[in-house]
Amino acid sequence: MSDFIIFSIDVFASLFIFALGIGLLVIICFYISDVTQSKQAIRRNYPVIGRFRYFFERQGEFFRQYFFAMDREELPFNRADRSWVYRAAKNVDRTTAFGSTQSLEATGTVMFMNCAFPTLDEEALEPSHVTLGPYCEKPYSTNALFNISGMSFGALSKPAVRALSRGAKLAGCWMNTGEGGLSPYHLEGGADIVFQIGTAKYGVRDEQGKLSLEKLKAIAGHEQVKMFEIKMSQGAKPGKGGMLPGRKVTAEIAKIRGIPEGHDSISPNGHPEIKKPADLLDMIETVRATTGKPTGFKAVIGEYTWLETLFSEINNRGIESAPDFITIDSADGGTGAAPQPLMDSVGLPLKESLPLVVDLLKKHGLKERVKVIASGKLIVPSKVAWALALGADFIVSARGHMFSLGCIQALQCNKDTCPTGITTHNERLQRGLDVTDKAQRVANYNKFIHYGAGLIAHSCGVSSARELARHHVRVVQENGLSEPLDKMYEHYNKQ
């Protein structure tokens with residue numbers, strides 16, 4: 001026995017000395033590398049030790065998320081909202097105790113005005129059906145308030161798209177393809193699909209990158225494809241096209257999009273054939289006439305005088321020429337990768353752009369004809385209800401449904417290293433995303449968004465969330481007192 005102990009000690013001692021030698025050799029290599037490079041002053045002046053600076057900088061996001069940020073202060077989504085989504089998706093207790101952690105004094109805080117005589121459970125109604133495209137050959141009618149916003153196959157992994165498709169079917173909501181084309185995985189679950197036509201026309205482009213009517217007809221031939229959305233701009237990067245790194249452009253994705261494999265997939269920053277409002281109406285009519293299905297457009301609202309021109313042109317041409325819907329994306333929208341100047345500083349947030357577009361539609365007598373879809377950080381029931389009160393007919397969310405899939409806000413969407421398998425094509429990481437389980441979580445989350453928005457509506461004395469209006473909401477101002485939402489936007493009616 002003693003010989004075995006001595007032998008073990010010798011082995012461990014040898015391993016320790018070997019590891020120590022390897023470690024010393026690595027340090028020497030790092031030292032030589034650091035003092036001879038000229039790109040980073042910290043490493044050159046403090047070889048080896050200076051590397052810790054970059055390590056801790058990369059780890060800062062992790063430590064802030066889990067240890068230092070308060071429940072309501074983390075960005076882009078705070079812990080309280082994300083926690084609600086996770087609990088809803090898992091169908092576990094969503095109640096809280098001892099009082100809200102949300103300050104009721106902060107400027108911008110939204111408060112719904114409860115009614116002295118709330119709607120009783122037996123008086124409550126499901127959201128009414130809304131029809132889009134009444135002048136189309138195949139109009140689309142749905143009562144789903146909350147739907148899945150555009151996320152491309154390519155930006156998302158195969159199991160993520162499959163789970164969203166199945167979850168949307170279970171929830172009874174639609175799923176937007178994003179600009180990356182229609183994949184078999186979008187169709188797999190049987191959900192209603194909105195096909196997005198981006199500036200690169202992925203999936204419906206000819207060899208020159210122009211819109212192919214033949215391919216458009218083929219896409220419309222799928223019964224599940226209910227509507228078409230022309231993407232003019234996106235919240236996180238208005239004025240710049242989408243970008244999928246070449247490492248994510250697999251053979252399958254290249255085939256679906258109609259692009260070369262392994263090359264960066266970069267969309268133009270606009271549609272070459274759309275230079276003015278009249279051009280946009282022409283393209284909407286082309287798509288609608290070719291497909292027979294409702295067609296609208298998605299845009300971030302910034303400078304907005306063009307909307308006046310657009311709406312006037314619609315009334316000149318006739319009500320049937322109008323887009324069947326407008327998707328208003330917010331300046332605080334998200335994406336896998338975008339230039340920080342655009343993400344931080346361009347476009348209007350939804351609290352300004354949504355009421356602006358709604359009131360302009362009313363001014364031109366088009367609000368009933370053109371449905372409004374709101375998008376931008378609306379991931380909990382209160383924010384969905386707020387958007388409905390402002391005049392939205394539908395709400396769409398991408399990141400909310402990503403959270404329901406298990407997204408942990410690791411902020412690695414652009415690196416192909418997503419630890420939850422949602423935005424990576426690394427098959428080892430994708431294995432962590434169980435499609436069946438996550439599909440049910442997507443459906444649960446969608447269900448409880450509708451339930452929560454209904455709770456707010458019933459507290460306000462209306463029978464369903466679609467009946468919420470601006471007078472049901474007040475917003476805290478800089479003086480600490482609240483102001484009715486309808487009064488806040490009175491000046492919009494005068495523009």
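# Helix packing, salt bridges and a buried strand residue

Me: How are H7 and H9 placed relative to each other?
Reply: In this predicted model, the axes of helix H7 (residues 213–220) and helix H9 (residues 277–291) come within 9 Å and cross at roughly 55°. Angles under 35 degrees would count as roughly parallel and those from 65 to 115 as roughly perpendicular. The two helices, H7 and H9, are therefore to be described as oblique.

Me: Into what numbers of nonpolar, polar and charged residues does the contact of H7 with H9 divide?
Reply: H7 passes H9 in a right-handed crossing, and the residues that H7 brings to the contact are Leu 213, Leu 216, Lys 217 and Ala 220. On the side of H9 they meet Thr 286, Val 287, Thr 290 and Thr 291. Sorted by residue type, the contact of H7 with H9 comes to 4 nonpolar, 3 polar and 1 charged.

Me: At roughly what angle do the axes of H13 and H16 cross?
Reply: Helix H13 covers residues 381–390 and helix H16 covers residues 435–459, and H13 passes H16 in a right-handed crossing. The axes of H13 and H16 come within 8 Å, and the angle at which they cross is roughly 65°.

Me: How many residues of the contact of H13 with H16 are charged?
Reply: H13 contributes Pro 381, Ser 382, Val 384 and Ala 385 to the contact, while H16 contributes Phe 448, Ile 449, Gly 452, Ala 453 and Ile 456. Among these residues, 7 are nonpolar and 2 are polar, and the number that are charged is none.

Me: How many of the 10 residues of H13 are buried?
Reply: The buried residues of H13 include Pro 381, Val 384 and Ala 385, which also belong to the contact with H16. Trp 386, Ala 387, Leu 388, Ala 389 and Leu 390 are buried as well, and just after H13 the chain reaches Gly 391, which takes a positive phi of about 125°. H13 is largely enclosed by the rest of the structure, so the number of buried residues among its 10 is 8.

Me: Which helix holds Arg 162, and which holds Glu 188?
Reply: The side chains of Arg 162 and Glu 188 meet in a salt bridge, with 2.8 Å from N to O. The pair links distant parts of the chain, 26 residues apart, and the helices concerned are, for Arg 162 and Glu 188 respectively, H5 (residues 158–171) and H6 (residues 184–188).

Me: How far apart in sequence are the parts tied together by the pair of Glu 188 and Arg 166?
Reply: Glu 188 also forms a salt bridge with Arg 166, whose closest N and O atoms are 3.1 Å apart. Since Glu 188 lies in helix H6 and Arg 166 in helix H5, the pair ties together parts of the chain whose separation in sequence is 22 residues.

Me: Is Glu 188 buried, partly exposed or exposed?
Reply: A residue counts as buried when its relative accessible area is under 20% and as exposed when it is over 50%. The relative accessible area of Glu 188 is 36%, so Glu 188 is classed as partly exposed.

Me: What distance separates the C-alpha atoms of Phe 325 and Val 372?
Reply: Phe 325 is found in strand S11 and counts as buried because its relative accessibility is 1%. Its contacts, not counting residues up to four places away in sequence, include Leu 132, Met 227, Phe 228, Pro 294, Phe 297, Val 370 and Ile 373. Val 372 is 47 residues from Phe 325 along the chain, yet the separation of their C-alpha atoms is 5.7 Å.

Me: What percentage of the 495 residues of the chain count as buried?
Reply: The secondary structure of the chain comes to 17 helices and 15 strands, and the structure holds 17 salt bridges. Of the contacts with a separation of 6 or more, 68% are between residues 24 or more positions apart. Among the 495 residues of the chain, the share that count as buried is 49%.

Technical notes:
Residues are numbered from 1 along each chain as its sequence is written. This is a predicted model: local features need pLDDT of at least 70, side-chain atom pairs count only at pLDDT 80 or more; totals for chains, interfaces and linings use all residues. Side-chain values use heavy atoms; hydrogens and water are left out. Axes are lines fitted to C-alpha atoms, for helices over the stretch in contact, and angles run from 0 to 180 degrees between N-to-C directions. Helices (H or I, at least four residues) and strands (E, at least two) are DSSP runs, numbered from the N terminus. A crossing is left-handed if the near helix is turned anticlockwise from the far one by less than a right angle, and right-handed if clockwise. Contact means heavy atoms within 4.5 Å. Ala, Val, Leu, Ile, Met, Phe, Trp, Tyr, Cys and Pro count as nonpolar, Asp, Glu, Lys and Arg as charged, and the others, Gly among them, as polar. Angles under 35 degrees count as roughly parallel, over 145 as roughly antiparallel, 65 to 115 as roughly perpendicular and the rest as oblique. Buried means under 20% relative accessible area, exposed over 50%, partly exposed in between (1.4 Å probe, protein chains only). A salt bridge is a side-chain nitrogen of Lys or Arg within 4 Å of a carboxyl oxygen of Asp or Glu.
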